[in-house]
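Hello,

Here is the structure I said I would pass on. My notes on it follow below.

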Amino acid sequence: MTSTAVIAGHEVTIDDEGFITDPSVWTDDMAAALAKNVGIDELTPDHWTVIRHLREDFAAQGETPTLRRITSNIGIETKRLFELFPKKPGKKMAYIAGVPKPRGCI
Amino acid sequence: MKKLVVLGAGLAGTMAVNRLRPHLDSDDWDIVIVDQDETHIYQPGLLFIPFGMYRPDDVIRRRREFIPPGVQMITAPIEAVDTDAQKVLVNGHTLEYDYLIVATGTSPRPEQTPGLLGDAWRDTVHDFYTLEGATALADRLDRWDGGRIVVDVMELPFKCPVAPLEFVFLTDWWLQERGMRDRAEVIYATPLSGAFTKPVSSRRLGHLLDEKKIGLEADFYTERVDTEKNVVVSYDEREIPYDLLVTIPVNMGADFVKNSGLGDELNHIVVDRRTFSPEGHPNVFAIGDAAELGTSKAGSVAHFASEVFTANFLRGIRGLPPLEEFDGHANCFIESGFGKAMLIDFNYTTEPLPGKFPLPGIGPFTLLEETEMNHWGKLMFRWTYWNVLLRGKDLPLPSRMLLAGKESS
């Protein structure tokens, strides 16, 4: 089930949870708008380091990285990820970075 | 003489030598397979041990029974791989190779979670992905008299991703059989956003947890276990109290993988979906759970992938480019208790869909629905595993996933 939404002036297709369905249409200016939707008012340089890494790793691996992979790749503590993206970091950072949410097989 | 060394004599490694030996002339090729021990465990059967449905004897065979003539088997610890020198260090001895296949799987690492391996380990805190763990849990459940059972997945990815869900379903059934369901709570904790995360599965199966009165703690990323207070604590400081904690510990590949520089952050080897080689190592291959392919770590995946791997390996050694790419095909029975099971069939691009399997419209198995026939399929699978899969024979199923017989939602 998909629908259309306007995010930072861009018309994009989103799924029923609001995730952008095509990572390639994502642009930097969408991140701030998406962040506000999940209660993050300001994106700091630390947020951006994580967002950039998600984009790069997704482009290279074809898969959204796990929290453990992010911590090991960019040397950030798991606790810090929970501070930056409270409660549901895996889901929130994927949402903001315009990549698929972490999924199981079923 | 060319030397092929296979590390690991589990499902993937054993299938590989059974499939490759007939195609590699023994005048030209030496094949050696190495494993640290002699015991082959039928891992899908471990799930049944805690509930007394299987005993340890039901899941154990000797690895050697399945290694074909013309393949030398060495039982010894694998210490190191040097890809520059093309050597493997096994129990202090050096094995040289021209081609190396890593099939050493992935294993539960309870030491990765603070607090797990304390005095409470295998008393009030358990696992069931090892024979020792499953057996200790059977013993614990025998003495169980009600309380709160928490099943907690520590990290992604882990092998046989549906097993924890099967475990909670079977726990609910087992508690009812023993007349203790009203004295027990069952909670499923997962780092994912739900028990079912794919749209069609969520829609069709989402009701199961409610019906079975299984509590769900989603987005729960475990930081530590506090065995003084009997709680599991997440990074966002939620606490789940337990009387009995059943964990799915962090899964990691073998340590020698890490030291060889071939592994990712969990010692799994990221490989190409055609060649099964890691980047920059054309004569090294990883198969089975040891490989990171972006699909489930499961026996069915190892099986379907082995057909693609063998065909492309045999082309590669003749200097030919690989043909087919692995499609990520997986096929899993999901026990749901009360003599029923579900079945899922999916790949990289197609999520689990309802329908009939393997014959479109006929079955006998039904996808994404609980049926008794699916349960019998799961029980019969053990025979298939020992007699067909491990011996490298083909199942009467194509390795590629088919859309025929599947409905769109």
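How many bridges join strand E2 of chain B to E5(B)? Five do, and the two strands run parallel. Please keep in mind that this is a predicted model. One of the pairs is B:Val34, whose bridge partner in E5(B) is B:Ile74.

These strands belong to an open sheet of five, ordered E5-E2-E1-E9-E21 in chain B, with parallel pairing. At its edges are E5 (71–75) and E21 (284–286) of chain B, each of which pairs on one side only. From one strand to the next, the twist averages 20°. Helix H1 (residues 11–20) of chain B lies across E1, E2, E5 and E9 of that chain, and runs at about 165° to E2(B).

On the nonpolar cores: the largest has 126 residues, and B:Leu4, B:Val88 and B:Phe128 touch the most other members. Helix H3 (residues 163–177) of chain B gives the most to this core, nine residues. Beyond its neighbours within four places in sequence, B:Phe128 is in contact with residues including B:Leu46, B:Pro50, B:Phe167 and B:Ile248. Another core, of 32 residues, lies apart from the largest one; A:Ile20, A:Ile70, A:Ile96 and A:Val99 are among them.

In chain A, helix H2 (residues 45–61) packs against helix H3 (residues 67–74) at an angle of about 105°, with the axes 11 Å apart. The two helices are therefore roughly perpendicular. Among the residues that meet there are A:Val50 and A:Leu54 from H2(A), and A:Ile70 and A:Ile74 from H3(A). By class, this contact has four nonpolar, four polar and two charged residues.

Regards

Technical notes:
Residues are numbered from 1 along each chain as its sequence is written. Chains are lettered from A and ligands numbered from 1 in the order in which they are written. This is a predicted model: local features need pLDDT of at least 70, side-chain atom pairs count only at pLDDT 80 or more; totals for chains, interfaces and linings use all residues. Side-chain values use heavy atoms; hydrogens and water are left out. Axes are lines fitted to C-alpha atoms, for helices over the stretch in contact, and angles run from 0 to 180 degrees between N-to-C directions. Helices (H or I, at least four residues) and strands (E, at least two) are DSSP runs, numbered from the N terminus. Angles under 35 degrees count as roughly parallel, over 145 as roughly antiparallel, 65 to 115 as roughly perpendicular and the rest as oblique. Contact means heavy atoms within 4.5 Å. Ala, Val, Leu, Ile, Met, Phe, Trp, Tyr, Cys and Pro count as nonpolar, Asp, Glu, Lys and Arg as charged, and the others, Gly among them, as polar. A nonpolar core is a set of buried Ala, Val, Leu, Ile, Met, Phe, Trp, Tyr and Cys residues joined through side-chain atoms within 4.5 Å. Buried means under 20% relative accessible area, exposed over 50%, partly exposed in between (1.4 Å probe, protein chains only). Two strands pair if DSSP finds at least two bridges between them.
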